[in-house]
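Grab a pencil and work through these exercises with the model open beside you. Try each task yourself before reading its solution.

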Amino acid sequence: MKVATPPARCPFCSSRHVTWVHHLFSWHLSCHYCKAQSKRYRIPEDAYRHWQLLAAQVDIGRRANIKNLPLQTPTIQQAKPKPFPDSKIALSA
């Protein structure tokens, strides 16, 4: 294997305990804690690239989700239905 940098943290649990797994004709990366795995590839560099890409995509998704969170999310009890303006039927509470 000619991979210079260690693999990124696990994209799912952020663990640093990511190791290489070698089978007869394939390589993949695996997390010890949550058991997440990359796809299996014949070339180790391809498995490494897949793991790094997956980690980058999940990180981008987390950052986007954090920025778009509402400040206060109403619960089901707080949400009350509003009648239509032309409706003559009263809603019971």
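Start with pLDDT, the predictor's confidence in each residue, which goes from 0 to 100. This model is predicted, so local features need pLDDT of at least 70, side-chain atom pairs count only at pLDDT 80 or more, and totals for chains, interfaces and linings use all residues. Residues are numbered from 1 along each chain as its sequence is written, and side-chain values use heavy atoms, with hydrogens and water left out.

**Exercise 1. Find out what the mean pLDDT of the protein is, and where the pLDDT is below 50.**

Step 1: The mean pLDDT comes to 75, and 65% of the residues reach 70 or more.

Step 2: Now look at residues 71-79, where the pLDDT is below 50. Beyond near neighbours in sequence, that stretch has one contact in the model; a contact means heavy atoms within 4.5 Å.

**Exercise 2. List the elements of the protein in order and say how the strands pair.**

Step 1: Helices (H or I, at least four residues) and strands (E, at least two) are DSSP runs, numbered from the N terminus.

Step 2: Strands pair if DSSP finds at least two bridges between them. Strand β1 (residues 18-22) and strand β2 (residues 27-31) run antiparallel and are joined by five bridges. For instance, V18 has C31 in β2 as its bridge partner.

Step 3: The two strands make a hairpin, with four residues between β1 and β2.

**Exercise 3. Are W20 and Y48 buried, partly exposed or exposed?**

Step 1: Buried means under 20% relative accessible area, exposed over 50%, and partly exposed in between (1.4 Å probe, protein chains only).

Step 2: W20 has 25% relative accessibility, so W20 is partly exposed. Y48 has 12%, so Y48 is buried.

Step 3: Zoom out to the whole protein: buried residues make up 19% of its 93 residues.

**Exercise 4. Name the residues of the largest nonpolar core.**

Step 1: A nonpolar core is a set of buried Ala, Val, Leu, Ile, Met, Phe, Trp, Tyr and Cys residues joined through side-chain atoms within 4.5 Å.

Step 2: The largest one has six residues: C10, V18, L29, C31, A36 and W51.

Step 3: Click on A36 and check what this residue touches: leaving out residues up to four places away in sequence, the list is C10, F12, L29, S30, C31 and W51.

**Exercise 5. Where do S14 and K35 lie, and what is the phi of each?**

Step 1: Most residues other than glycine have a negative phi.

Step 2: S14 isn't a glycine, yet its phi is positive, about 65°. S14 is in the segment before β1 and, at 32% relative accessibility, is partly exposed.

Step 3: K35 also isn't a glycine, and its phi is positive, near 65°. You'll find K35 in the loop between β2 and α1, where K35 counts as exposed at 56% relative accessibility.
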